[in-house]
Amino acid sequence: MFFAIVDFGLSNIYTSDDPLRTHCGSPEYAAPELFVVGKRYGPEVDIWSLGVVLYGMTIGRLPFLCPRDEWTSSEERRRRLMIQINRGLTSIQEKAMCRTSIECRNLINRLLVPSARERITIREILHHPWILASSKSNFHLRSEDDLNVSNHASIVNEIATAMRTTTAAVEAEIMRRKYGEVGGMYNIKEHKLQQAAAAVYQLAPRLLRNSTCRTEDISSSTMTIR
C-alpha cells in the first residue's frame, strides 16, 4: 500500500541554523508550538502534522476538532482548538484507536506529543515497528460496531441510493474491499455524523439557557394537542 502526500503550497526550506518563523496552515493540523507568538520551529512541527494525518487515515476523523456554529466566533473556536491541541491525546482519542494495532497506536501517541522535545524524530519513525511491518492489518475500517444500528443503516442506504444499487451490494463491497472507494465514502459520511453530533452536544446547554419558554407557561397553556 502506497500513499502520496501532496499540496505543498505553504511549504518552506528548513536549515538547522535558521529555524522557521512564519506560522501558517490549518489550525487542526498545527503543533502546539505554532500557537506561541514569536516562537521559532523546525521539522518537529511536521512530525505532529504527520500524526494528525495518520490518525485521520486510520480512524476516519481528525483528533482535534471544534465544530462550527453560528454562535461561536472564529476566535473562540481557535481558542478551544488550542486547548485540545495543547492537551494532546486523551481517553477520547485512545478509545477511538482501540481497533488499531498496538504498534499503530504507539506511533500515533509518539507523533502527537505536545512537547516538541519529547516528540518522536524522523529517524525513529523510520525504524518504528509499525513502519517496518509489511502487514496491512494495521489499517482498520471503522465498522458498524462503532455506530448505532440506525446510523449504520442510514449511511449504507445513502450510499446505495447515490450509486443506484442495493444496500446488500454496498455492504458486500465494503467487506470485499475495506479500503476501496465505497469504504472511503462510508468513513467520510460517518465522520460528518460525528461532527454533527458533537455540534448538537455543544449547542444544547446554550439553547436551554436562551430558551424563552418556561415550564409554567407550558403547563398553563389552554391549547390541547390531540
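Helix 1 passes helix 4 in a left-handed crossing, a term that applies if the near helix is turned anticlockwise from the far one by less than a right angle, whereas clockwise is right-handed. The model is predicted, so that local features need pLDDT of at least 70 and side-chain atom pairs count only at pLDDT 80 or more, while totals for chains, interfaces and linings use all residues. Residues are numbered from 1 along each chain as its sequence is written, and side-chain values use heavy atoms, with hydrogens and water left out.

**Overall make-up**
- The protein has ten helices and zero strands, where helices (H or I, at least four residues) and strands (E, at least two) are DSSP runs numbered from the N terminus.
- Of the 226 residues of the protein, 32% count as buried, with buried meaning under 20% relative accessible area, exposed over 50%, and partly exposed in between (1.4 Å probe, protein chains only).
- Among contacts between residues at least 6 apart in sequence, 61% join residues at least 24 apart, a contact being heavy atoms within 4.5 Å.

**Helix 1 against helix 4**
- Helix 1 (residues 44–59) and helix 4 (residues 102–111) pack at an angle of about 145°, and their axes are 8 Å apart; axes are lines fitted to C-alpha atoms, for helices over the stretch in contact, and angles run from 0 to 180 degrees between N-to-C directions.
- From helix 1, Ile47, Trp48, Leu50, Gly51, Leu54, Tyr55 and Thr58 meet Cys104, Leu107, Ile108 and Leu111 of helix 4.
- By class, this contact of helix 1 with helix 4 has nine nonpolar, two polar and no charged residues, with Ala, Val, Leu, Ile, Met, Phe, Trp, Tyr, Cys and Pro counted as nonpolar, Asp, Glu, Lys and Arg as charged, and the others, Gly among them, as polar.

**Helix 2 and its two sides**
- Helix 2 (residues 74–87) has 14 residues and reaches 20 Å from its first C-alpha to its last, close to the 20 Å expected at 1.5 Å a residue, the expected span being 1.5 Å times one less than the number of residues.
- Arg77, Leu81 and Ile85 are the buried residues of helix 2, and they lie on the same side of helix 2 because they cover an arc of only 70° around the axis, taken from the directions from the helix axis to the C-beta atoms.
- What covers these buried residues includes helix 1, whereas Glu75 and Arg87, on the other side of helix 2, are exposed.

**Before helix 1**
- Asparagine 12 has its place in the segment before helix 1 and is exposed, with a relative accessible area of 58%.
- The C-alpha atoms of asparagine 12 and threonine 22, ten residues apart along the chain, are separated by 9.5 Å.
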